[in-house]
Amino acid sequence: MDFDTPLFDTALAEAWVRAIAAAVEKEQARLTELDSAIGDGDHGSNLQRGFGAVLAALDDLRPVGPGAVLTKTGSTLISKVGGASGPLYGKAFRAIGAALPDPAGPADVAEALAAGLDAVRALGKAEPGDKTIVDAYTPAVAAFRATAAAGAALPEAAAAAADAAEQGARDTVPLQARKGRASYLGERSIGHQDPGATSTALLFRALADVTAG
């Protein structure tokens, strides 16, 4: 591991979670609007409540390592967020946290993010193309891995992942939902961007922002 490059440590893990909370707060209305079109209309409010609880939990936490921050984040989301997003994001963060060494380089973060994706797919039984979180998360992990494998530092890998996640979210618009509440709409789900993929893109953009400094 090259210690001259930025590493994912406890402070950066907490900064990432706080940046996600700020992004969710800012974009809550948009997430709700997207979810109102093809879901229950509560995605934005659920995430806002969940990450509010996460911030309160982190204020009381004295974590040892970045994994502890993300594991606590995941456990809090599972306990505080209703709908599908709490368990899915909660399991993802717990898996990421469990996989992270302290501190972590780009390749370590790539594999931890991949563990989070595996947890999401195992719980939701979703594949790329199903119009879910997975459609943004999968290309993000691929981009992070490829960029890190090419020798890039953490900020560059995170930026590549964020770009890929945002494109993945946009690419859900023409898809017909095959999982979750949106699948009940059949062809009527076509033409709408998936709210879960959109919030996933927020998550990766927050990571890019905090690693950029």
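This is a predicted model: local features need pLDDT of at least 70, side-chain atom pairs count only at pLDDT 80 or more; totals for chains, interfaces and linings use all residues.
Student: How do helix 4 and helix 5 cross, and how close do their axes come?

Tutor: A helix pair is read from the distance and the angle between the two axes. In this model, the axes of helix 4 (residues 85-99) and helix 5 (residues 106-124) come within 7 Å and cross at roughly 145 degrees. The crossing is right-handed. Helix 4 contributes P87, L88, K91, A92, A95, I96 and A99 to the contact, and helix 5 contributes A112, L113, A115, G116, A119, V120, L123 and G124. Sorted by class, the contact of the two helices has 12 nonpolar, two polar and one charged residues.

Student: Is L77 buried or exposed?

Tutor: A residue counts as buried under 20% relative accessible area. L77 is buried because its relative accessible area is 0%. This leucine lies in helix 3 (residues 66-80).

Student: Which residues is L77 in contact with, leaving aside its neighbours within four places in sequence?

Tutor: They are G50, F51, V54, G86, Y89, G90 and F93. F93 is 16 residues from L77 along the chain, and their C-alpha atoms are separated by 8.9 Å.

Student: Which residues have the most contacts inside the largest nonpolar core?

Tutor: A nonpolar core is a set of buried residues joined through side-chain atoms. The largest one here has 57 residues, and those with the most contacts inside it are F8, W16, F51, L70, L113, Y137 and F144. Among the elements that give it two or more residues are helix 1 (10-38), helix 2 (43-59) and helix 8 (195-212). Beyond its neighbours within four places in sequence, L113 is in contact with W16, I96, Y137, V141, F144, F204 and L207.

How values were computed
Residues are numbered from 1 along each chain as its sequence is written. Side-chain values use heavy atoms; hydrogens and water are left out. Axes are lines fitted to C-alpha atoms, for helices over the stretch in contact, and angles run from 0 to 180 degrees between N-to-C directions. Helices (H or I, at least four residues) and strands (E, at least two) are DSSP runs, numbered from the N terminus. A crossing is left-handed if the near helix is turned anticlockwise from the far one by less than a right angle, and right-handed if clockwise. Contact means heavy atoms within 4.5 Å. Ala, Val, Leu, Ile, Met, Phe, Trp, Tyr, Cys and Pro count as nonpolar, Asp, Glu, Lys and Arg as charged, and the others, Gly among them, as polar. Buried means under 20% relative accessible area, exposed over 50%, partly exposed in between (1.4 Å probe, protein chains only). A nonpolar core is a set of buried Ala, Val, Leu, Ile, Met, Phe, Trp, Tyr and Cys residues joined through side-chain atoms within 4.5 Å.
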